[in-house]
Amino acid sequence: MPTYWDMQTSTTYMNAYEELQTIEGLRPANVYSVNANYLFLQKYMFSLFYERTNDYFTMDMYQAKDRLALVYRTQNWDYYQSFGMSANIPFNIGEWLSSQVNATVVNDRNRCDNFWDIPFDRKKWACMLAMQNHFSVGSNLGFDLDAMYRSSMISGISDTKPVFTVNVGAQWNFLKDKASLSLNCADLFDTMRMKVRNRYAGQHIDLNMGQYSRTVSVKFVYRFGGSISKEKKEVDSSRFGR
C-alpha cells in the first residue's frame, strides 16, 4: 500500500541536479503467489515458486530529456513477475562440520507501458547461491564460515551488478558453559555494495553505493546462578464435577 505522501503531487529539489517527484493516482499493488515444496528423505528441500504483482510500485530514476535533471519518482508498473526453483541441501562430515547449501534460479519480468516516454518489458534469468558452515573444535570452540553470491538482476530499466559476501565468526564457551566469548565479522572483504547500471533507451546512469558494509562485533555473555524451577500448579477441575 503506498503512503499518503506518495499519493500527493509535489516536487522536492534535492540539489541542482536531482529532484524527487510524487504524483496522484498511485494504486495499491495486488500480489498473487503459489509455492510447491518437496521434502526428500526428511532432509532435502526442493521448491518451485511463482509470483505476480499487478500494479507493482517502486521508485525509479529517469534522466529528463528536455533539461539537466535526474528525477526520482514512485509510480506503478503494469506488473512484476518472477518464477523459479530452489534447493536446500544440508550435510555433515563427522561431528566437526555441519553445512547447508541453498541454490535458487529465478526468471524476473518487469513491464511498464507508461514509463515516461520509454516503456519497457524486460526479462532476465538470475541465480543466488549461499552456503553456511559450522566447524566444531571439541565441545567448547566453534567457527562459522558463510558465503553468498547473487548474479546480475534487473529492476525496471536498470541492472544491478553481481555481488558476493563472506561472513566469519568464532565462539568459545568456558567456565563450564557459564561464559561465552564470540567474535563475528560480516562482509569480510567489504564487497556487499550495490552497483546499478542503466543503459536503456538513451538513459546513462551509474549508481555506486560507496558506504562500507563490513562490520565487526565482539560479545561476552556470563550466566549467573542456575535455572529457577517454577512450581507447577494443578488445574482446578472442580467446575467439571471432578
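I am working with a predicted model, in which local features need pLDDT of at least 70 and side-chain atom pairs count only at pLDDT 80 or more, while totals for chains, interfaces and linings use all residues. Residues are numbered from 1 along each chain as its sequence is written, and side-chain values use heavy atoms, with hydrogens and water left out.

**Overall form.** I looked up the secondary structure and found 0 helices and 17 strands, where helices (H or I, at least four residues) and strands (E, at least two) are DSSP runs numbered from the N terminus. The radius of gyration is 26 Å, whereas a compact globule of 242 residues would have one near 18 Å; the radius is taken over C-alpha atoms, and the globule rule is 2.2 Å times the number of residues to the power 0.38. The C-alpha trace spans about 75 × 60 × 40 Å along its principal axes.

**Burial.** I noted that 31% of the 242 residues count as buried, with buried meaning under 20% relative accessible area, exposed over 50% and partly exposed in between (1.4 Å probe, protein chains only).

**The loop between S13 and S14.** I then turned to Leu175, which lies between strand S13 (163-174) and strand S14 (179-186) and has a positive phi of about 55 degrees although it is not a glycine. Most residues other than glycine have a negative phi. Leu175 counts as exposed because its relative accessibility is 52%. Asp177 lies in the loop between S13 and S14 and has a positive phi of about 65 degrees; at 46% relative accessibility, Asp177 counts as partly exposed.
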